[in-house]
Amino acid sequence: MLISTKGRYALRVMLELAQGEPGECMPLPVIAQRQGISEKYLESIIAVLARAGLVEGQRGKGGGYRLSRELKDYSVGEIVRLTEGSLAPVSCLEGENTCPRADKCLSRPVWEKLDTLINDYLDSVSLADL
(Lines give C-alpha, C1' and ligand atoms only; values in the text may rest on other atoms or scores of the structure.)
Protein backbone atom coordinates (compact mmCIF):
# COMPACT_ATOMS: atom_id res chain seq x y z
CA MET A 1 0.00 0.00 0.00
CA LEU A 2 1.29 3.38 -0.98
CA ILE A 3 -0.61 6.55 -0.10
CA SER A 4 -0.71 8.84 -3.13
CA THR A 5 -0.08 12.58 -3.13
CA LYS A 6 -3.84 13.09 -3.27
CA GLY A 7 -4.30 11.27 0.05
CA ARG A 8 -1.35 12.99 1.71
CA TYR A 9 -2.40 16.41 0.45
CA ALA A 10 -6.00 15.87 1.60
CA LEU A 11 -4.72 15.28 5.11
CA ARG A 12 -2.48 18.36 4.90
CA VAL A 13 -5.44 20.48 3.73
CA MET A 14 -7.58 19.24 6.60
CA LEU A 15 -4.79 20.03 9.08
CA GLU A 16 -4.35 23.49 7.56
CA LEU A 17 -8.08 24.17 8.02
CA ALA A 18 -7.86 22.75 11.55
CA GLN A 19 -5.29 25.40 12.44
CA GLY A 20 -7.62 28.23 11.40
CA GLU A 21 -10.09 29.99 13.63
CA PRO A 22 -13.15 27.80 14.28
CA GLY A 23 -15.94 28.67 11.85
CA GLU A 24 -13.74 31.01 9.82
CA CYS A 25 -13.26 30.32 6.11
CA MET A 26 -9.83 29.98 4.55
CA PRO A 27 -9.48 30.93 0.87
CA LEU A 28 -8.22 28.24 -1.48
CA PRO A 29 -5.24 30.33 -2.69
CA VAL A 30 -4.09 30.76 0.92
CA ILE A 31 -4.26 27.00 1.57
CA ALA A 32 -2.41 26.32 -1.69
CA GLN A 33 0.33 28.82 -0.90
CA ARG A 34 0.82 27.67 2.70
CA GLN A 35 0.95 24.01 1.73
CA GLY A 36 2.91 24.42 -1.49
CA ILE A 37 0.20 22.68 -3.49
CA SER A 38 -0.91 23.73 -6.95
CA GLU A 39 -4.23 25.57 -6.69
CA LYS A 40 -5.65 23.55 -9.57
CA TYR A 41 -4.74 20.23 -7.92
CA LEU A 42 -6.05 21.52 -4.61
CA GLU A 43 -9.42 22.30 -6.26
CA SER A 44 -9.87 18.63 -7.15
CA ILE A 45 -9.00 17.53 -3.62
CA ILE A 46 -11.23 20.07 -1.89
CA ALA A 47 -14.11 19.07 -4.20
CA VAL A 48 -13.87 15.47 -2.94
CA LEU A 49 -13.74 16.66 0.67
CA ALA A 50 -16.71 18.98 0.16
CA ARG A 51 -18.86 16.34 -1.61
CA ALA A 52 -18.29 14.02 1.34
CA GLY A 53 -19.28 16.77 3.78
CA LEU A 54 -15.89 17.00 5.49
CA VAL A 55 -15.55 20.68 4.58
CA GLU A 56 -17.97 23.47 3.77
CA GLY A 57 -17.40 26.11 1.15
CA GLN A 58 -18.54 29.71 1.15
CA ARG A 59 -18.47 31.88 -1.96
CA GLY A 60 -17.77 35.57 -2.25
CA LYS A 61 -15.83 38.05 -0.18
CA GLY A 62 -14.59 36.37 2.98
CA GLY A 63 -15.28 33.02 1.39
CA GLY A 64 -13.24 29.89 1.31
CA TYR A 65 -13.41 26.58 3.13
CA ARG A 66 -13.82 25.48 6.73
CA LEU A 67 -14.22 22.22 8.57
CA SER A 68 -17.80 21.08 9.01
CA ARG A 69 -17.33 19.30 12.34
CA GLU A 70 -15.12 19.25 15.40
CA LEU A 71 -11.50 18.11 15.08
CA LYS A 72 -12.08 15.06 17.25
CA ASP A 73 -14.76 13.87 14.82
CA TYR A 74 -12.37 13.41 11.88
CA SER A 75 -10.18 10.33 11.66
CA VAL A 76 -7.11 10.13 9.49
CA GLY A 77 -8.52 6.85 8.17
CA GLU A 78 -11.72 8.53 6.98
CA ILE A 79 -9.79 11.24 5.14
CA VAL A 80 -7.29 8.89 3.52
CA ARG A 81 -9.91 6.30 2.49
CA LEU A 82 -12.02 9.06 0.97
CA THR A 83 -9.23 10.07 -1.38
CA GLU A 84 -7.50 6.70 -1.81
CA GLY A 85 -10.39 4.26 -1.77
CA SER A 86 -9.32 1.01 -0.19
CA LEU A 87 -6.24 0.88 2.01
CA ALA A 88 -5.97 -2.88 1.56
CA PRO A 89 -2.36 -4.07 1.42
CA VAL A 90 -3.20 -6.62 -1.31
CA SER A 91 -5.72 -6.47 -4.14
CA CYS A 92 -7.59 -9.60 -3.08
CA LEU A 93 -8.95 -7.69 -0.06
CA GLU A 94 -10.37 -4.83 -2.12
CA GLY A 95 -14.11 -4.78 -2.70
CA GLU A 96 -15.74 -8.01 -3.78
CA ASN A 97 -13.16 -10.76 -3.66
CA THR A 98 -13.05 -12.59 -6.99
CA CYS A 99 -9.91 -14.57 -6.28
CA PRO A 100 -10.60 -18.26 -6.86
CA ARG A 101 -7.99 -19.14 -4.23
CA ALA A 102 -9.45 -17.01 -1.43
CA ASP A 103 -11.02 -19.85 0.53
CA LYS A 104 -7.83 -21.96 0.47
CA CYS A 105 -5.18 -19.22 0.54
CA LEU A 106 -2.80 -19.83 3.42
CA SER A 107 -1.37 -16.30 3.35
CA ARG A 108 -4.72 -14.47 3.32
CA PRO A 109 -5.00 -14.31 7.15
CA VAL A 110 -1.72 -12.35 7.24
CA TRP A 111 -3.06 -9.77 4.78
CA GLU A 112 -6.43 -9.57 6.55
CA LYS A 113 -4.72 -8.90 9.89
CA LEU A 114 -2.47 -6.26 8.32
CA ASP A 115 -5.51 -4.63 6.71
CA THR A 116 -7.26 -4.55 10.09
CA LEU A 117 -4.19 -3.09 11.82
CA ILE A 118 -3.80 -0.35 9.20
CA ASN A 119 -7.45 0.67 9.29
CA ASP A 120 -7.77 0.45 13.07
CA TYR A 121 -4.67 2.57 13.58
CA LEU A 122 -5.63 5.27 11.06
CA ASP A 123 -9.17 5.34 12.47
CA SER A 124 -7.78 5.82 15.98
CA VAL A 125 -5.95 9.05 15.07
CA SER A 126 -8.09 12.18 14.85
CA LEU A 127 -7.26 15.65 13.55
CA ALA A 128 -7.37 16.76 17.18
CA ASP A 129 -4.60 14.25 17.95
CA LEU A 130 -2.38 15.76 15.29
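Select E56 and R66: the two form a salt bridge, with 3.1 Å between the closest N and O atoms. (A salt bridge here is a side-chain nitrogen of Lys or Arg within 4 Å of a carboxyl oxygen of Asp or Glu.) E56 sits in strand β1 (residues 55–58) and R66 in strand β2 (residues 64–67), so the pair ties together parts that are 10 residues apart in sequence. Helices (H or I, at least four residues) and strands (E, at least two) are DSSP runs, numbered from the N terminus. E56 is partly exposed at 35% relative accessible area, and R66 is partly exposed too, at 21%. The cut-offs are buried under 20%, exposed over 50% and partly exposed in between, with a 1.4 Å probe and protein chains only.

Before you move on, keep in mind that this is a predicted model: local features need pLDDT of at least 70 and side-chain atom pairs count only at pLDDT 80 or more, while totals for chains, interfaces and linings use all residues. Residues are numbered from 1 along each chain as its sequence is written, and side-chain values use heavy atoms, leaving out hydrogens and water.

**Stop two: other salt bridges**

How many salt bridges does a search of the whole structure find? Six. Pick D123 and R81 next, whose side chains meet at 2.6 Å, N to O. This pair links distant parts of the chain, with D123 in helix α5 and R81 in helix α4 (residues 76–84), 42 residues apart. D123 is partly exposed at 35%, and R81 is partly exposed at 28%.

Now try K72 and D73, another salt bridge, at 3.1 Å from N to O. K72 is exposed, at 54%, whereas D73 is partly exposed, at 36%.

L117 itself is partly exposed, at 48%.

**Last stop: two helices**

Finish by showing helix α2 (residues 28–35) and helix α3 (residues 39–51), which pack at about 115° with their axes 10 Å apart. Axes are lines fitted to C-alpha atoms, for helices over the stretch in contact, and angles run from 0 to 180 degrees between N-to-C directions. α2 and α3 are therefore roughly perpendicular to each other (65 to 115 degrees; under 35 is roughly parallel, over 145 roughly antiparallel, the rest oblique).
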